[in-house]
Structures are given as C-alpha cells and as structure tokens.
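Please work through the exercises below with the structure open beside you, and try each task before reading its solution.

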Amino acid sequence: MRNDRLAGWLAGRAAPQEPSQEAKNLLGVPDKASEEVVLSGVQEPGSPDTLTFESETPFDLRFPAVDLLQASVVRMLHLLYGIGACRSEQLRRQGYETLADLTTHPQWGEGARALLGTWGSTWDAEAVFRTLRTWLPASDPLLLAALGLVPRERILFFDLETLGLSNAPIFLIATARLTDRALLVRQDLATSLAGERSLLTRFGRDLEKATALVSYNGKAFDWTLLRERSAYYSQSLSPVEIHADLLYHVRRRFAGLLPDVHLGTIEKNVLGVRRANDLPSSLVPSFYSMYLETGSPAPLRPILDHNRQDIESLALLLRALLGEATDAA
Amino acid sequence: MRLDELLSALDRNPDYRGQVVYAAPVPPHAPEYAEIALRPRVAAALDRRGTRLYRHQAEAIEALRAGRDVVITTPTASGKTLAFHVPTLEWLSDDPTATALYLYPLKALANDQLEKLSTLDEECGAHLLPSTYDGDTPQQKRAGIRRSARVVLTNPHALHQYLPWHHQWARLFANLKLVVLDEAHHYRGVGGGNVAELLARLSRIVKHYGAQPQFVVSSASIANPKDFARALTGRDAVSVSKDGSARGPRSVVFWDPMADPSSSITRQAATLLSFLTDQGMQTICFARSRVMAERIASTAKRDSATDAIQSYRAGYLAHERRELEADLRDGRLRGVVSTSALESGIDIGGLDAAILVGFPGSLLSAWQQAGRAGRGSRPSLVIYIPYEDPLDRYFLRDPERFLSYAGERLVLPRRTLRHRAGHLACAAAELPLRPEEIGAEDGEAATALRESGLLADTPSGAIYRGLRRAHEAFPLEEMAGETVRLVCDGRTLETMDPVRARRDAFPGAVLLHRGETYVVRALDLTEGVATAEREDVDYSTQGLRTSAVEILSAEATALSGASHVARGRVCVTESFVGYKTIHDNRSVSVHPLALPPHVYQTDGVWATFRDIPQEIEAAELLGALHGAEHALISMAPLLVLCDAADVAGVSMPLHPQTGAPTILLYDGIEDGAGLAEVLFGEWSRLAAAAHAMVSRCSCDDGCPACLLSPRCGSQNQPLSKPGAIRILALSAPASRKEGT
C-alpha cells in the first residue's frame with residue numbers, strides 16, 4: 001500500500017476535527033496567536049507540562065446532623081444479613097426497634113453486635129458506607145446524608161476533560177474541597193499531552209487525602225477512565241471506599257420531570273445557574289486540539305471556564321440534593 | 001466391514017456401475033504408548049478414564065516441561081488437546097495462582113472445549129475454574145470471570161477488544177503460564193497475519209505484567225509446522241507431528257461419478273450413504289452446501305431401511321446441534337450429512353465411514369473430514385467422490401498424492417503497511433510505545449500515524465490520541481483489508497476485501513455462508529456494503545475475470561527446467577466482465593457485469609520461456625500458455641493452503657516487460673497473502689503436478705477436469721492441450737517422475 005493511500009485510510013480514524021468558524025467566533029477565539037492571551041496559571045515544580053489554576057468561592061454547605069442520621073440508620077434492622085422487610089416488621093412488633101435493641105436478641109444478637117462493632121462508637125464513615133451500600137440502592141438519599149460522617153475536608157469533588165469519547169488522554173482534572181465557608185477549586189491542566197502523567201500522579205496524591213469522592217457520572221466514566229489511564233502509565237490509583245455519584249440521585253429525583261439529566265439541564269431547572277457563552281462539551285476536545293496545534297492558549301480559556309463551572313455546579317447540586325436528604329433523614 | 005466384503009457387496013448392488021476406480025487399504029498402526037510420571041491426581045484421573053498417553057502426547061508434555069514452546073500437528077482424533085491439557089492441569093494445581101489462556105478461532109469451538117476441560121478439571125480437582133469470555137458472555141458474569149477464572153477460553157476478535165482493558169486482567173496476565181492456540185490452521189493468509197500481530201501485542205502486555213508464558217500451537221497436519229508456529233508467535237517451537245495413536249485399518253475408495261453419467265453426483269452420494277447405513281455402518285457425508293446436504297440426506301432417508309439419517313448445519317440452534325452430536329456419539333443417528341461445520345473441533349466420536357462429496361479445497365480439510373471415520377483400532381472406510389474440476393479429478397488419476405498427504409504449507413503474508421499502522425495504533429493505546437518498540441520496518445507506519453494526528457510523542461513514549469477508541473477505529477478485519485461487509489436483513493454475515501467482493505459478491509452472485517446460500521442483490525463499493533438475501537437456490541455462480549498485470553519489481557529469480565521463474569511486486573488491473581451460473585456442474589447461462597475495473601498492488605510469480613520448442617506453432621502459443629496457466633492455478637492448492645480462486649493469472653506470447661512468452665500468477669488479494677512467494681519456491685513441483693494432471697486426463701483437447709476454468713474471463717479461448725503439456729514440461733525439471 002502506498003503511503004498516500006495509507007494516509008487516506010487513517011484519515012477516517014483520526015484525531016478531533018477542527019472546530020467550526022462559527023464556534024470560534026461565538027467564543028471570541030482568534031484564528032492565529034495574534035491576540036495575546038495570558039493564562040495566569042502556576043507551574044508546579046517538577047511538572048513542566050502542567051499549569052495549575054486555583055480559585056476560592058464562598059460556599060456554605062450543611063450536612064444533616066449526625067445524631068439525626070444515626071437515629072434513622074439504627075432503625076434499619078434489615079441492614080443485618082438475613083433480615084428482610086417481613087422479619088423487620090415481626091421484630092419491631094416484638095419490641096426490637098433498633099439495631100442496639102437487637103444486640104440482646106438470642107438469634108440476631110451476635111450479628112447485631114458484630115455489625116455495630118465494625119462501625120465503632122464514633123461511627124466510622126467507611127464501615128457505615130460499606131453496610132449501607134450493600135443493602136440500599138445506589139441512589140438512596142441516606143447515602144448522601146451519610147457524607148456527613150466524613151470530615152468535610154476529606155470530601156473530594158472531581159471532574160475531567162478528555163481528548164475524546166473513551167480511553168482518550170485526559171488533559172484537565174478539576175478537584176474541589178470544602179472549607180467551613182468556601183469551595184476551593186483547583187484545575188490541573190496539561191499544557192501538552194506529556195502532562196497527562198503528572199495530572200494522574202497529582203490526582204493520586206489527592207486521593208490519599210480523601211475519604212469520599214463526589215462526581216457526576218463519575219462511576220461509569222471519570223473513575224473508570226482515571227483507572228484506565230493510570231494503568232496505561234503503569235501507575236495505580238488507590239480505591240476510595242465512598243463515591244457519591246450524583247447522577248444516580250438526580251435520576252431518582254428528577255427522571256420524568258426534566259427532559260434529560262445532563263448537568264446543563266439540571267443547572268437551568270434546579271440550580272438556577274445561567275452560563276454565558278459557554279463552550280459546549282462536545283467542542284472541548286477540538287478546542288484543546290486547536291491549542292495543541294497552534295500553541296496559542298486562546299482556546300484554553302473557554303475550556304477552563306466551562307470546566308470550573310462544571311465543578312462548581314457539582315457542589316451546588318450536592319447542596320440541593322442534601323436539602324432533600326435532610327428531610328429524608 | 002472389510003474392504004473386499006464391501007466391494008463384493010457393491011458389485012451385487014444393481015445400482016452399481018463400476019465407479020470404484022481405486023481402492024487402497026491403508027495399514028493400521030498399533031498404538032505407541034509412553035510412560036511418563038504425572039502428578040498423582042492427573043494420573044489417577046487418566047487411569048479412571050482408561051486413558052494411557054501416546055508417545056506424541058508424552059513428547060509434547062515433556063517439551064513443555066522443559067520450558068519449550070510446542071507445535072503439535074498430529075491428525076484429527078489423535079488426542080492433541082490432552083497434550084496441552086495435562087501441563088495446564090499440572091502447573092495450575094502446583095501453583096494456585098497460575099493461569100492459562102486458550103484461543104479458538106470460533107466461539108463454538110471454545111464452548112465445546114470448555115465442557116471437556118471442565119470435566120477433566122473436576123476429575124483432577126485442579127480448580128482451574130475454566131470459563132469462556134467473549135461477546136456472548138453475560139454482563140453480570142464478566143467481573144467474576146476476570147477476578148477468578150484460571151483458564152480463559154476466547155477468540156482473536158474478542159482478545160483484540162479486551163487487550164486495552166489489561167488492568168482488569170492484571171491477575172490473569174501476571175500469572176500466565178501457557179498460551180494455547182488451538183485449531184491454529186484457521187489462522188492463515190491475511191487473517192493469520194492479523195493473529196500474529198495480535199499475539200505480539202499480547203506478549204508485550206504479558207511481559208509488562210512480568211509473566212513469561214510458553215506457547216502451544218495445535219493444528220491439523222501441515223507441511224511446515226515450525227515455520228508456521230514461528231510466523232504466528234515469533235518464537236521457536238519443538239514440532240510434534242508423528243502420530244502415536246492407535247489407528248485401525250482404513251480403506252480409501254476413489255469413486256468416479258462419471259462412470260454413471262445417468263446419475264448426478266448428489267444422487268450417487270445419497271445412494272452410497274443409504275447403502276452404507278443399511279450395511280450397518282455409521283456414516284458421515286460431507287457436502288459443500290447446506291442445500292446439497294439436505295438433498296442428499298432426504299434422498300438417502302427415502303432409500304434407506306433406517307430413518308436415522310439427518311443433515312447437520314451450523315445454522316441450527318445450539319441445543320439442536322448438541323442433540324445431534326450426542327445422537328452421533330451414542331450411535332442412535334446412523335447417517336449424517338454435514339457441511340464442513342463438523343469437520344473438526346466438535347466431538348462426535350468416531351464413525352465407521354466418511355463420504356467426501358467434492359474435494360474440500362485442501363488435503364488438510366480432506367483428511368480432517370476423513371478422520372471422522374475410525375475409532376481406535378476399528379476398521380474404517382473413506383469414499384472420495386470428485387467433482388468435474390481439475391484438482392478434484394486429479395486425485396482419481398494420482399490417488400497416491402491423496403494418500404501420502406504430508407500437509408500443505410500454511411503461510412502468513414508479509415506485513416502490510418495497513419497491518420503495521422493499525423496494530424501500532426492499538427499497541428500505543430494499550431501502553432505507551434517506547435522508541436525501541438517501534439521497529440525499523442514500522443517507521444513508515446509510525447510516521448503516517450503521527451501525521452494523521454493519531455500518535456503523539458511524550459516522554460513516556462508515543463501515545464495514542466484518536467477521538468475513537470483505537471480498537472474500534474481499527475477492527476481486526478479492516479486491518480486485513482476486509483472493508484466490504486456482506487449484509488443480510490441488516491446483519492453483517494461476513495467481511496471481505498474489495499478484490500474478493502468483486503469476485504464473489506457481484507450483483508446476482510450466489511454466496512455460501514456457513515453452508516447456507518445467499519443471493520447478492522447489490523454491491524456498493526464506495527460504502528463497502530454487499531446486500532444479500534437468504535434464498536435456497538440449486539445453482540452456483542462464478543465471476544469471469546480478465547486482468548492486465550504490470551511488473552513493478554523483481555525480487556528473486558530462479559531456474560526451473562528450461563524456464564526462468566521470478567517473483568516480485570505487480571500492479572493488477574482487474575475486471576469482472578460477467579458471471580456464469582452453474583447447475584449440476586454445467587454452465588447454464590452467462591450474464592454481463594458492469595463493475596469498474598479495480599487497480600491494486602500485490603505479489604506475483606512469473607515464468608518466462610525463451611526457447612519454445614518447434615512443435616508449438618506460433619498460432620498455438622497463446623493457447624498453450626493459457627492452458628498451462630489454468631493448470632498451474634488449479635494445482636496451486638496442492639502446495640499452499642489457499643482457494644484456487646485466490647490465485648489468478650495472465651499469459652502472453654510476448655510480455656512487453658519480460659520480452660518473452662510469459663505466464664504470470666498473482667495473489668488475488670490487495671497487498672498479497674504470501675501465496676506467490678510459496679509458489680515461487682515450489683515452482684518445479686507445481687509445474688510437475690500440473691503437467692501430470694493435464695497429461696493424464698483422457699480428453700482430447702481440454703475438458704473441465706483439466707484445462708477449462710470456470711473463472712476464465714475469455715471463455716476459455718484459446719486453449720491448446722498438447723501445447724500446454726509441452727509448456728508445462730519445459731518448467732518441470734526432467735528428473736522429476738511426476739511428469740511422466
């Protein structure tokens with residue numbers, strides 16, 4: 001096969017398409033690097049191919065009171081292996097209202113003691129989650145309320161931008177953490193494809209300081225991809241026991257009420273967020289490709305804005321859903 | 001039944017017209033056992049089954065124990081599988097974390113083997129937890145299999161899809177002790193080249209996880225086991241090919257259907273089938289298509305005293321097939337007519353007789369089919385009924401060629417740029433490609449990938465950065481150049497390269513797929529779709545090809561007799577000008593076709609004749625060369641495993657580039673499939689066989705059994721039989737006896 005025929009054969013499988021002029025105009029992205037666009041990122045020592053952007057937004061997030069949560073969890077007798085709805089009812093009629101009551105039961109006492117033992121007197125968040133996750137659907141509001149057991153600085157929000165649909169390189173990882181009064185957002189951007197590895201290493205270090213993850217469709221997409229890309233570079237990600245994927249909760253709460261469950265739809269209808277001149281997600285890969293090709297940082301600005309709004313919305317969404325979870329608890 | 005008894009019974013049969021032209025007893029051979037020490041539990045399990053190891057099995061086991069790779073090519077039913085099951089059982093029970101990977105060309109074969117391996121596993125208590133894993137594996141079982149199965153049975157297409165998820169298979173890969181390629185003779189030609197690339201990718205990943213597995217290649221008998229194994233795995237293997245299993249006396253009967261012109265081949269096959277079943281012999285009959293299989297089965301059922309005759313086909317539901325297979329093993333079913341679906345792999349036990357209706361295209365297949373008859377040391381019978389086709393009928397005149405089968409050569413093509421580019425992209429998507437992993441011969445492909453933006457260089461190596469998943473952007477079949485899909489009711493039946501699509505899937509073509517007949521309604525070469533409908537028809541079609549060939553470069557030359565032979569790169573301009581419909585071996589009608597000519601590069605081999613003997617007059621020369629070309633093409637499958645239609649040719653009294661009378665054969669597939677290279681190396685044998693075939697044919701001036709080709713685009717005009725014999729004699733060295 002001659003080389004030009006090979007090129008033709010490869011063309012159909014190639015990297016992202018050039019974005020349309022219309023899209024570029026809309027976002028005010030110049031064709032050439034004529035206009036000076038300066039990105040105010042920080043270069044981390046030892047990672048020449050990444051830039052880091054940090055921002056802080058006032059943000060107030062309250063979890064349901066722990067004692068309320070505990071009161072409702074201990075009443076769930078079916079968290080014990082072997083107890084279903086019928087038997088719960090039966091035990092309740094016999095006066096066993098809570099798991100604590102059950103510890104004296106001749107048959108279930110041993111199991112109840114063992115279960116409460118794994119939770120410990122201070123209710124270890126991971127152990128409680130393991131139990132809840134086994135017996136409750138992934139979209140149960142209690143699973144969100146139980147995030148209140150985790151120290152708030154150990155909750156990590158995350159969102160990715162990638163160069164394609166699946167198994168494509170990751171070039172931007174946004175993480176966010178809670179302080180008492182604010183949301184701290186950090187965006188790690190790869191300034192070349194070589195930066196992906198550093199992004200993953202850095203994210204791996206973030207995980208060590210996290211007990212719980214919060215994402216939107218992150219179980220199916222982001223986390224899977226992070227694991228896959230880390231394996232690609234022979235790195236491993238330590239698994240995090242608690243992962244609240246808000247998509248599950250949104251589906252349970254809003255399916256049928258909204259036309260779809262895209263984050264944009266939720267922002268407009270539930271969170272009241274309006275985005276001005278937002279870059280559509282579908283154009284993110286081609287804008288990044290344009291940056292790689294031209295070297296001009298102009299296309300990166302809309303990507304960073306888009307991504308920062310995504311992660312801020314994620315935090316807002318958790319707050320909205322928690323409002324309902326509090327009622328449930 | 002003994003051969004002489006059978007022959008005298010036939011003689012007494014009023015329908016018999018003396019069709020038996022040759023009946024050869026093949027002597028039995030006693031089993032050769034070997035005693036080797038086995039792990040107690042494995043030894044006990046084999047003892048309980050009453051199984052003793054044959055010498056070839058022991059040889060393979062010991063070579064594997066010594067750390068070598070093995071290629072095993074003993075005949076059907078000689079117990080090849082046990083030779084690699086035993087090491088698997090032993091190694092995996094010695095080390096409870098050890099794993100093995102078995103690759104099968106078809107899902108059905110993997111399923112069949114899973115049952116056998118599971119039984120053996122239970123008997124030995126080795127806890128292999130064997131499981132198939134492919135497109136049919138239910139979603140909810142997948143994670144469990146990845147977590148715990150210690151022997152995974154899958155196929156190349158599935159493996160291609162799973163390799164990028166290697167981290168999910170880290171346990172299997174890190175502990176891999178053995179990779180088995182069973183039924184490996186399926187991996188030939190361009191598809192085989194793909195499997196070789198895939199195995200190289202597998203090896204790279206396995207190495208990444210720190211394992212060093214050994215490879216077993218198990219195949220039907222072939223002529224070049226070591227070369228084939230090396231081409232496939234890139235590693236040297238010990239060859240185990242001498243059969244030590246028990247073989248009862250076998251009779252091979254060559255049946256000439258032309259001796260009774262009043263009766264069709266189908267009819268004669270049905271008569272034989274009912275005759276043999278009535279004699280109490282459990283018989284399998286192989287037919288080319290399902291329609292024919294059903295016709296033979298229904299006729300035989302009507303004629304026979306027994307009702308227990310059935311047809312078998314790949315299209316049956318799994319449980320229907322299982323029932324038929326069980327009935328065959330138990331002997332409840334006395335006669336079965338099958339397409340090649342029952343040729344190998346599936347366990348149906350040994351039968352008493354096999355009838356081969358038509359040469360199945362290769363001696364490899366013919367002996368796989370013949371091998372269905374015979375069980376241990378019991379006598380067996382094989383009856384071969386040829387069609388009126390040069391190679392088919394050649395064996396009637398030279399039965400020894402059939403009987404002394406040593407295997408065709410299995411070849412893999414040279415890697416094309418497309419192969420390299422596609423597999424390189426996939427490898428880069430699996431793990432970053434380090435500079436030293438991009439070989440010198442991959443440089444051009446790597447450059448093309450970088451230029452099209454699919455590969456990007458980083459300090460970790462070259463990484464894949466396509467928009468789509470590499471393994472979806474580069475499906476295996478497209479890397480083999482199979483860009484045309486054959487579609488029926490919205491379902492893709494198979495994929496083919498554009499050359500074969502023009503040849504076999506033109507509008508009006510009758511195509512066989514797993515024994516079923518389909519009629520092609522439209523062929524859209526731009527979209528790469530041939531649309532077909534399922535239809536039972538009793539005719540076949542044959543595209544008529546004309547071609548012009550330009551020689552681009554000569555890469556090697558040699559002398560063969562008084563001719564010069566060369567091989568090299570050629571550029572072919574090929575047209576399918578029309579097609580023939582063929583019914584009962586007779587051409588019924590010719591239809592024109594309006595397909596644009598196709599220009600492509602491939603490999604060619606050509607012979608030039610500088611000294612034409614005076615007996616060939618100038619006016620006869622073209623007919624002589626043309627006839628010789630047809631004869632050479634029809635004999636090509638004797639030497640290299642291929643379909644005669646995969647080799648095409650042209651002949652010219654004066655080729656403008658060689659300046660001499662020339663016959664040129666080429667691989668009828670874009671970029672070549674490695675056939676011309678073998679034909680170049682074997683040219684003298686090819687010419688001698690063609691010479692023998694033509695000169696032994698009793699016709700006067702060429703017939704369908706020697707020179708007439710159903711594929712000839714110039715209506716078999718002109719042809720000269722005496723001229724062709726002389727030309728072939730020029731190319732066949734005088735010392736060879738085959739020519740006389």
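Axes are lines fitted to C-alpha atoms, for helices over the stretch in contact, and the angles between N-to-C directions run from 0 to 180 degrees. Helices (H or I, at least four residues) and strands (E, at least two) are DSSP runs that are numbered from the N terminus.

This is a predicted model, in which local features need pLDDT of at least 70 and side-chain atom pairs count only at pLDDT 80 or more, while totals for chains, interfaces and linings use all residues. Residues are numbered from 1 along each chain as its sequence is written, chains are lettered from A and ligands numbered from 1 in the order in which they are written, and side-chain values use heavy atoms, with hydrogens and water left out.

**Exercise 1.** Describe how H9(B) and H17(B) cross, and which residues meet there.

Step 1: Helix H9 (residues 189–208) of chain B and helix H17 (residues 417–430) of chain B have axes that come within 11 Å and cross at roughly 25°. H9(B) is therefore roughly parallel to H17(B), since angles under 35 degrees count as roughly parallel, over 145 as roughly antiparallel, 65 to 115 as roughly perpendicular and the rest as oblique.

Step 2: The crossing of these two helices, H9(B) and H17(B), is right-handed, a term used when the near helix is turned clockwise from the far one by less than a right angle.

Step 3: Contact means heavy atoms within 4.5 Å, and among the residues of H9(B) that meet H17(B) are B:Glu197, B:Leu198 and B:Arg201, while the H17(B) side includes B:His423 and B:Cys426. By class, this contact of H9(B) with H17(B) has five nonpolar, four polar and four charged residues, where Ala, Val, Leu, Ile, Met, Phe, Trp, Tyr, Cys and Pro count as nonpolar, Asp, Glu, Lys and Arg as charged, and the others, Gly among them, as polar.

**Exercise 2.** Describe the packing of H3(B) with H4(B).

Step 1: In chain B, helix H3 (residues 55–65) and helix H4 (residues 80–94) pack at an angle of about 40°, with their axes 8 Å apart, and H3(B) and H4(B) are therefore oblique to each other.

Step 2: The crossing of H3(B) and H4(B) is right-handed. H3(B) contributes residues including B:Ile61 and B:Leu64 to the contact, and H4(B) contributes residues including B:Val86 and B:Trp91; by class, the contact of H3(B) with H4(B) has eight nonpolar, one polar and two charged residues.

**Exercise 3.** Describe the packing of H6(A) with H7(A).

Step 1: Helix H6 (residues 109–119) and helix H7 (residues 125–135), both of chain A, pack at an angle of about 135° with their axes 7 Å apart, and H6(A) and H7(A) are therefore oblique to each other.

Step 2: From H6(A), A:Leu115, A:Thr118 and A:Trp119 meet A:Ala127, A:Val128 and A:Thr131 of H7(A), and the residues of this contact divide into four nonpolar, two polar and no charged.

**Exercise 4.** How far apart are the centres of domain 2 of chain B and domain 3 of chain B, and how much area do they bury between them?

Step 1: The domains of chain B include domain 2 (40–240) and domain 3 (417–476), with bounds that come from an automatic or database domain assignment.

Step 2: Taken over C-alpha atoms, the centres of domain 2 of chain B and domain 3 of chain B are separated by 28 Å, and their contact takes 17 residues from domain 2 of chain B and 14 residues from domain 3 of chain B.

Step 3: Domain 2 of chain B and domain 3 of chain B bury about 1,500 Å² between them, 56% of it on carbon and sulfur atoms; buried area is the accessible area (1.4 Å probe) that two parts lose on being put together, summed over both.
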